[in-house]
Amino acid sequence: MEIIIYGAINSIVFALIAVGFSLVYGVSRIPNFAHGSIYVLVGFLTWSFLNDLKMPYWAAILSSLVIAAALGLAIYRFVLMRLRGLPTSEIIASFAVSLIILEGLRMQGIAGFKGFIGPFYVLPPLIEGKILVMGVFVDYQRLIIMGGGISMLLFLWAFTHYSKMGLSLRAIAQDEQAAMMLGINSDRVAMVALAIGSALAGLAAVLILPLGNIAAEQGYRVLIYALAVCIIGGLGSWAGTILASFVLGFAMIISTSLFGALWESVVLVGTIILILLVKPSGLLGKQKELEERV
Amino acid sequence: MAEEPILHVEKLSKSFGGVQAVFDVGFDLNHGEILGVIGPNGAGKTTLVNLISGFVTPDRGEVMFKGEEITRKPPHRIANLGLARTFQVMRPYHSLPAYKNLIVPLNSPRVRRTRGGKLGDRDSVAIDLLEEVGFERDARVPYKTAGSLPLGYLKRLELARCMALRPEVILCDEIFSGLSMSEISSLIPLLEKLKMEGVTLMMIEHRLRELFRLADRVMVMSFGSKIAEGIAAEVMEEPRVKEAYLGKEKTG
Amino acid sequence: MPAETRRKKRLDRSIKVRSEGLYGLASWREMTYLACPRVILIAGLLVLPLVLDMYWQRVLCAAGIYALLALSFDFLAHFVGLVCLGGAMFIGFGGYISGSLNEYMGWAPIVTIPIATVAGAFLSTLVLVPCLRLRGIYFAIVSFMLPLFAVYVIIALSLFGSTEGLSALATFPNSWVEQYLILVVVLVALFSVRRLVSEDIGLILRSIKDNDQAVKASGISITIYRIKAVFIASLIGCFAGAYLCHLYGWVGLSLFAMDFSILPIAATVLGGMGSLVGAVLGAFILTPLSEALRGFGQLRVVLYCLVLLCFILYKPEGLMNVLERKYHQFEKWEKV
């Protein structure tokens, strides 16, 4: 029972982390390597707003999310937009941005910036305490994650199916040229996608980080998780992303309880390699590569 | 003397997410003949070529080449067995000399096998090959960059790419498309020469008049299915074929 | 708004035009023109150990290591279409194999290095093969994760000294061997890969990158060629790792560090993607720079990345292109 509940929670965690990345890649075919770094950045920003600027918690969260979205937009506008169509350069460039942010957060001694080093940065949970759910003690924070995650996914679904901008996103995702012919501005849409994707990364951060501490190294982990979910779930498939989140979420929990935390990463990469060998386009990937091209 | 067909296709079917591109197509290609494949746009002709040459896996059906099943083999294996195909959309190297485009097929296992070990100078083999398809050697045409060649030459280049493999069957996907009447007329002798050398051709075409000059038999496809097969003159008289091209005759 | 009254016009130097083609080898002058850049490169590199002091000699060796990694990255990225963000994996494999052979079997560097190079290459290729099916970006991602994963495995299984690493390994007899070994290998690798790329294999790889359908239809198995290419790139990278192990006499988890993955990429972008020589050049520029900035800690990485970004956005052709242009062409302002 414990496994089921924690597994479900873990899956939502994965989903939260991956959905932003999956959105951006599905819409604009841009791999936003900076996804993980924005996650961490939001964590540190919120912490700073909370502790240094003494803002109320909700204000701190909101501000960081706004900054995250703006950053995502800026990354597209100033970096990625110039590199559209050059996949090698896109990858390298967004990788570079990611490193600038992550390693930048660890810098010490430049202009008095102390650098965020050490395991002492913690975000307080939104609500303290635990509750008994079906015989298992679960923190409120984890329940919030569940609730937050599910509502976010529902919101996204509604957004992309019923709002004008959301429909544009889907249009571009399905067929960029056709959408452009209908007057949808692909660059604008990409900027929105990146802004939303970054905000989602930030949202994931504020929900999940209170469970532990904030450390720059986590940026890489988060990126890897997002990528793992996308690879396993398959490109361009919403259902795939969600399915993969559950697969990974449960796989990790089960392996942790059976083998211990050390093997977590091994299981992760092992699953990826397994999928690669068996079904490279992902579980539900719509990779009609050959058929599409010929 | 009844001979086994060099290519035997049976009940080939493929649908792409709800659209039935090819349905239950079956036919034989006899050794040394030229089979024309015609039909209105969207009839599934190119998909058929993709299915046979291994670029698309069929949902159902089988393809036998020289008695061996090749249905789900990867494209490069099929090419190495001797079944080549042309592409409608060619992307040769714009900035490299034309003959360099033949280096790739000349490095295939098939060519290495048949020419035995060290090929010697692949470049000169490539140039000879281009001469065979009509690139005038004296005018240094083989050395011209592919980007500067007119369409007629590009089509020949594509044909040469297939011929480099010394295949037994070539599936030509609309090789006449985009060419002028005179360009087609100058291409026809080349195809006849291939036939004389024993190469079997299956030609997908829209240019019926020119195709009928070459084809021994013709197969008509419409909406993914085969609707007629036989000698060109007879096939074109069939009501179903006329309907496919011209639409139903108004009654009353 | 008045249009510019003058613009820059670039013309090939006459000596370049004359030296193109067969007749370039007819005159001494033209032969020198063609040979000059290569000679400068070779001579320049080989002379460096003689003029540098001990500290910088060490840096030279490190630069050589990064040069090999950059070369392998450039080769894979631009001739095969695979962006490998995990160069550290090669270093790690090469280094650990070499180190283990030395530690547990007692073999000397002259034996462990070749073995580690080849074995490491096999291992790397094995690991990368399932990833080849992935589209460009997924390959990049997975290759990025692999070094991190290797670290987890080593810790989890407590292999090879785990977090401590292996130390007190054999080193090279003297610093001349150290330097000339790496420099010669860099030059040999560079010229070999250049040769490879201009031969048929290179053309095939490029075709695979540009138009893989036609390649398949021409009877070539794409997978086999990519595997060959990955193997070659791994050989280069793993040698760098094996060499590193015996340069410092120590291997540890830091061999899988990100530094080894990023600096080669930055070097390649700086030097000019696709030019191969540029990658090597970039490494020899960035490594000393990085040494000079050692005091700044993490700022270094931020700096490489900023440099990388600037180049990729504003001058993607890199330095090599500028140099080549200056050499082969002259500029002239002309009135429009």
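Mentor: A residue is called buried if 20 or more other C-beta atoms lie within 10 Å of its own, exposed if 12 or fewer do, and partly exposed in between, with C-beta atoms placed from the backbone. This is a predicted model, in which local features need pLDDT of at least 70 and side-chain atom pairs count only at pLDDT 80 or more, whereas totals for chains, interfaces and linings use all residues. Residues are numbered from 1 along each chain as its sequence is written, and chains are lettered from A, with ligands numbered from 1, in the order in which they are written.

Trainee: What percentage of the residues in chain B is buried?

Mentor: Of the 252 residues in chain B, 44% are buried.

Trainee: Is C:Q179 buried or exposed?

Mentor: C:Q179 counts as buried because it has 23 C-beta neighbours inside 10 Å.

Trainee: Which residues does C:Q179 touch?

Mentor: Two residues are in contact if their C-beta atoms, placed from the backbone, lie within 7 Å. Leaving aside residues up to four places away in sequence, C:Q179 touches C:P49, C:Q57, C:L60 and C:C61. The C-alpha atoms of C:Q179 and C:C61 are separated by 5.8 Å, although these residues are 118 apart along the chain.

Trainee: How many residues does each chain bring to the contact between chain C and chain B?

Mentor: Chain C contributes 15 residues and chain B contributes 20 residues.

Trainee: And how should I read the contacts inside chain B?

Mentor: Consider sequence separation: among contacts in chain B between residues at least 6 apart in sequence, 68% join residues at least 24 apart. The C-alpha trace of chain B spans about 65 × 45 × 40 Å along its principal axes.
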